[in-house]
Amino acid sequence: MAVSRQQVIHENFLAALRELEGRAPSIPLPDGVTAELAREIFESQLTSRLIDFEARAMKAREEGFYTIGSAGHEGNAAVAAALRPDDLCFLHYRSGAFMMQRSRQVAGTTPIFDTLLSLSASSEDPASGGRHKVWGSAELNVPPQTSTIASHLPKAVGAAFALGRSAPLHHELTVGPDAIVVASFGDASLNHSTAVGAINSALWARHQRLPLPLLMVCEDNQIGISVKTPRGWIESQYANRPGLAYFHADGRDLGDAILGARRAIEYCRTKRAPTFLHLETERLMGHAGSDVEQTYRTLAEIEDVERRDPLIRSAAWLVARGVMTAGEIRARHDELEERIRAASREAAARPKLTTAEAVVAALAPCDLVAVEAEASRPAPPAARIKAFGSEAALPERSARPRHLAMLINWALLDLMAKYDDMLVFGEDVAKKGGVYHVTTKLYERFGAGRCFNTLLDEQTILGVAIGAAHLGYLPSPEIQYLAYLVHASDQLRGEACSLQFFSNDRFRNPMVMRVASLGYQKGFGGHFHNDNGFAFLREMPGLVIACPSRGDDAVGMLRTAFALAKTQGRVVAFMEPIALYMTKDLHEEGDEAWSFRYPEEGEAVPLGEPRIYEDGGDEDLTVVTYGNGVPMSLRVAGRLRAEGVRTRVVDLRWLLPLGEDLVVAEAVRTGRLLVVDEGRRTAGIGEQISAVVAERAERPVRIARVAGDDCYVPLAAAANLVLVSEAEIERAARALLEVPVA
Amino acid sequence: MSRRVLVVCPGRGTYTPDDLGSLARRLAGPGVPDAAHRVLEAADRFRAEVGSAPISDLDAAPRYQAALHLKGENAGPLIFTATAVDWAILPRDRFRPVCVAGNSMGWYSALHCGGVFDFGDALRVVDTMSKTQGDRPLGGQLILPWVDEDWRPRPEKRREIEAYLAELRSRGLAAEISIDLGGYLVLAGDDAAIAAMKKELPVERQGERDYPFQLAQHAAFHTGLMAEPSRMGREALVTLPWRGPALPLVDGAGRVRRPGIATDREIYEYTLVEQVLCRYDFTRSLRVALREYAPDAIVLLGPGASLGGAIGQTLALEGWRGIRSRGDFARVQKSDDPVLISMGRADQYERFVAEALSGR
């Protein structure tokens with residue numbers, strides 16, 4: 001049988017110990033490094049390495065399911081040693097030694113067993129409940145990261161930004177006022193645009209002298225799977241970057257790693273500024289268990305890397321400084337190996353996830369009683385009066401019905417009065433009050449600390465939301481247009497929405513993201529400002545999508561959305577139809593039938609509850625729609641009414657999760673269902689509605705669907721050629737009515 | 001075959017009337033090493049030096065007297081000596097200790113087993129700390145179960161108890177959880193709090209006993225009320241030769257104090273400050289030892305075996321090796337490979353220890 005690289009590496013280490021036997025100490029310990037600390041860090045390194053070996057043994061026994069290891073990156077234990085347990089850490093996947101070391105700072109932790117539970121995908125794995133092998137721990141302040149490609153950097157920037165903002169806002173923190181945020185990543189993932197963008201954002205903030213205590217640890221092993229990082233690349237890009245403090249440490253050298261990490265952390269903690277620690281490492285045993293390194297590295301190259309094994313360097317370092325003898329190291333190795341093997345047998349026998357219900361349980365907590373109680377809880381009266389300027393100016397006192405934009409603005413003022421920890425941010429939301437004035441007065445009333453402009457980068461906007469949420473804020477990021485969200489969607493899909501799932505609900509990053517959405521804007525067109533495609537949001541597990549069509553609903557829905565975020569930790573996408581922002585009339589100009597009064601305090605729209613426009617209760621036709629489709633359908637219904645046809649218009653209001661029972665019941669009620677979906681035909685919500693009714697209706701329902709074309713939205717009047725029109729709705733309705741129902 | 005074992009040292013209250021004479025009987029058994037005899041001799045010498053009754057006399061007393069055997073300055077050294085005798089007897093070739101934990105006063109015994117102190121210095125620690133409470137215990141301790149009779153957890157019961165303690169504190173009384181002891185909670189408080197607890201906590205019968213009941217002659221250990229004993233202990237014991245451990249020690253907060261890593265200073269500070277003033281979480285300490293060392297078995301040193309219940313409950317709370325209830329635990333214990341070996345139980349001592357000593 002061929003000898004595996006793992007065996008070679010292990011044997012090299014033991015052989016190195018034999019060679020070190022009897023070697024007399026010759027070098028003093030560096031100042032400030034005690035023998036105990038050096039031994040502890042080494043033990044963390046050795047533990048991590050032996051767990052890597054065990055992971056492969058578990059895989060071979062079919063008891064383990066993950067072999068991306070930390071071998072060669074053990075220098076990161078020195079970084080952990082220099083940090084405090086309240087420094088918030090977003091770690092990449094080669095952080096075994098870091099986690100072993102960090103856990104020593106918190107009593108009662110069981111890092112070896114926890115890691116083995118995670119490798120064996122046990123439901124008792126405290127990091128993710130058996131959902132993924134991640135480095136995470138609530139006790140250790142390490143939110144689990146499933147991202148591999150530095151997509152955790154925007155939230156790290158966000159958390160550091162929010163940390164810097166907490167003192168002036170008197171925001172109560174669960175971490176110390178001088179805590180820092182740490183993000184680690186590899187040299188290859190640093191090339192990802194997400195990483196580059198995040199660092200840019202950190203420096204943009206720093207350029208304005210905003211505090212941003214972020215330590216970026218680039219663990220440079222000079223290769224990404226099979227692609228080598230050009231020699232000197234990291235240093236060339238980051239050593240002389242204005243606003244970025246660059247520190248270098250050789251992670252293969254125990255002393256240099258300890259002292260280098262300390263210097264970087266000390267700088268970051270005291271200067272509250274973005275700090276880059278370039279930590280040189282090696283990558284041993286390939287990218288993962290399945291990666292056959294020999295296909296892209298020569299044996300000589302592989303052996304060369306193995307000769308630089310940091311663990312061998314650490315052992316020699318300790319012996320040379322008289323901290324441990326080779327015999328003591330061997331004894332420690334044997335003890336750890338035995339323990340890890342024994343613990344692995346125990347861990348493999350622990351329970352697994354065995355039902356889909358158990359898997360899904362942590363994804364989207366939804367205690368509706370708690371949500372409704374929170375949604376109807378009024379804001380403190382004094383805070384409201386302050387927010388609106390006077391008692392007389394309280395919005396429910398205003399008798400005049402108003403359009404959507406104004407009512408949303410009032411709701412936001414109200415919610416900011418209710419939630420001290422609520423932040424509103426995005427492009428142009430502050431002084432300008434947003435492109436559509438929806439955030440007007442927020443900056444003026446609550447100050448730049450709570451309502452602020454960001455730079456033009458949606459990944460950063462969402463990263464700030466996630467990071468701030470980790471620090472106890474209730475963020476409400478604004479995305480200026482739906483189309484702008486697409487390129488940042490991984491921040492929702494891969495990061496925000498997945499956190500509760502992959503942390504077994506131990507971590508939450510609540511937010512209510514408002515997005516000016518959908519088509520039909522008059523006089524301001526083009527694809528990016530009228531995008532009607534949101535299928536990418538609908539497939540995100542755990543996300544809630546709300547889409548109000550009128551102002552009073554928007555207020556009640558926002559109350560529920562914030563309650564969902566606050567009490568359940570949920571991520572809510574609040575799609576605001578741009579074309580309805582300023583719409584006042586419904587049937588004819590000046591009727592003000594689409595203007596509404598501000599709902600009383602305490603009135604909220606429950607999650608999933610639609611608004612149903614009845615016409616006598618014994619209607620001929622059901623229209624299921626949302627957003628712009630609602631007023632269009634109501635106008636069509638009005639015209640049909642003149643002909644004696646009665647239409648039931650259902651405004652879904654909540655698009656995800658879709659209330660399937662409700663949709664089916666409403667369709668069955670009339671036996672004729674017209675789905676009006678202003679999104680695109682392919683992968684649009686209309687498909688889902690039609691499918692659900694076709695599958696589940698107990699009696700035959702005649703289904704028709706109108707939807708936008710599978711096309712980008714063009715400029716000017718041409719837009720109407722590919723968007724759903726009232727005429728199209730009317731034609732489809734009439735066609736449906738011609739068919740007798742069973 | 002050598003088994004990797006977690007060694008657990010018992011705390012106060014484990015030398016019961018049934019244990020009278022057990023020390024003498026133990027030492028008279030076949031194959032007991034000289035080292036074990038020397039422990040008792042050293043204990044008696046020490047007691048003579050400090051003017052207290054010899055440990056062998058306490059053990060040989062014709063009858064058990066609460067005023068004598070439960071008094072702190074006697075109970076502590078008596079229990080520690082019995083533990084140390086068992087430690088000296090434990091055949092290491094068959095039972096290889098991989099880490100050591102203790103419960104409450106058992107931490108001092110663990111310091112001895114873990115190599116921080118030789119027997120004499122450890123006895124000085126026990127003696128000193130036993131005497132710091134003076135003639136009359138400061139406050140008291142009460143014990144009650146938060147699991148049901150089958151050892152299934154009742155989190156709501158635990159929450160009720162915690163809420164009650166918070167309520168007592170809001171009344172200005174000192175009331176805390178003193179020890180997290182598997183399925184039991186040991187509550188501690190000042191005299192007024194103990195009186196209130198005895199009056200106000202509902203009585204629950206489990207097995208042969210009514211709970212809660214007060215632990216005789218116990219002070220409000222592991223709470224802020226122990227500030228003065230902590231200060232006195234530090235003053236009296238600072239000159240002892242504190243060392244780092246030779247075996248991993250799991251403390252009452254669930255921290256592993258590792259050889260070569262834990263410093264003498266850390267052990268001193270923990271032992272005489274945090275350990276004295278803060279809750280002793282025996283459950284957590286056992287959990288950490290089980291998970292991080294995955295021992296083949298647990299060896300509970302004597303005297304007595306009453307801590308075995310709390311150990312079994314902790315195993316059940318952990319679901320360790322499929323044990324999830326009292327019945328499961330009993331089943332595993334009856335098997336050829338029990339998870340817990342209590343040296344204080346004659347049957348288990350005979351079966352596992354005496355057999356090894358006689359080389360059979």
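Okay, let's start in chain A, with the open sheet: seven strands, in the order E9-E8-E10-E11-E13-E12-E17, with mixed pairing. At the edges you find strand E9, residues 451–453, and strand E17, residues 654–656; each has a single partner strand, so one side of each has no neighbour in the sheet. Going from one strand to the next, the twist averages 20°. Before I go further, please keep in mind that this is a predicted model.

Which strand does E17(A) pair with over two bridges? That's E12 of chain A, residues 544–546, and the pairing is antiparallel.

Helix H23 of chain A, residues 551–568, lies across strands E10 (474–479), E11 (511–517), E12 and E13 (571–577). Relative to E13(A), H23(A) runs at about 160°.

Zooming out to the whole of chain A, we have 29 helices and 19 strands. Along the principal axes, its C-alpha atoms fill a box of roughly 100 × 60 × 45 Å. Of those 742 residues, 55% are buried. And if you take contacts in chain A with a separation of 6 or more, 80% of them are between residues 24 or more positions apart.

On to chain B, which has 15 helices and 13 strands. For 360 residues you'd expect a compact globule to have a radius of gyration near 21 Å, and chain B, at 19 Å, agrees with that. Its C-alpha trace spans about 60 × 50 × 45 Å along the principal axes. Buried residues come to 51% of the chain B total. For contacts in chain B between residues at least 6 apart in sequence, 76% join residues at least 24 apart.

The bit of chain B I'd like you to look at is strand E5, residues 184–189. Why do I call E5(B) largely enclosed by the rest of the structure? Because six of its six residues are buried. Tyr184(B), Val186(B) and Ala188(B) point one way, while Leu185(B), Leu187(B) and Gly189(B) point the other way, and all are buried.

So who pairs with E5(B)? Strand E3 of chain B, residues 140–145, runs antiparallel to E5(B) and is joined to it by six bridges; there, Gln141(B) has Ala188(B) as its bridge partner. Strand E4 of chain B, residues 175–181, also pairs with E5(B) in the antiparallel sense, over six bridges, with Ala175(B) standing opposite Gly189(B). E4(B) and E5(B) form a hairpin with two residues between the strands, and Gly182(B) takes a positive phi near 60° there.

Last stop, the contact between the chains. How many residues does each chain bring to the contact? Chain A gives 13 residues and chain B gives 13 residues. On the chain A side, the elements giving two or more residues are helices H2 (35–60), H5 (111–119) and H12 (326–348). By class, that side has five nonpolar, two polar and six charged residues.

And the confidence numbers: chain B has a mean pLDDT of 96, with 99% of its residues at 70 or more. For the complex, the predictor gives an ipTM of 0.95 and a pTM of 0.96. Over to you.

Notes
Residues are numbered from 1 along each chain as its sequence is written. Chains are lettered from A and ligands numbered from 1 in the order in which they are written. This is a predicted model: local features need pLDDT of at least 70, side-chain atom pairs count only at pLDDT 80 or more; totals for chains, interfaces and linings use all residues. Helices (H or I, at least four residues) and strands (E, at least two) are DSSP runs, numbered from the N terminus. The radius of gyration is taken over C-alpha atoms; the globule rule is 2.2 Å times the number of residues to the power 0.38. A residue is buried if 20 or more other C-beta atoms lie within 10 Å of its own, exposed if 12 or fewer, and partly exposed in between; C-beta atoms are placed from the backbone. Two residues are in contact if their C-beta atoms, placed from the backbone, lie within 7 Å. Two strands pair if DSSP finds at least two bridges between them. Ala, Val, Leu, Ile, Met, Phe, Trp, Tyr, Cys and Pro count as nonpolar, Asp, Glu, Lys and Arg as charged, and the others, Gly among them, as polar. pLDDT is the predictor's confidence in each residue, from 0 to 100. Axes are lines fitted to C-alpha atoms, for helices over the stretch in contact, and angles run from 0 to 180 degrees between N-to-C directions.
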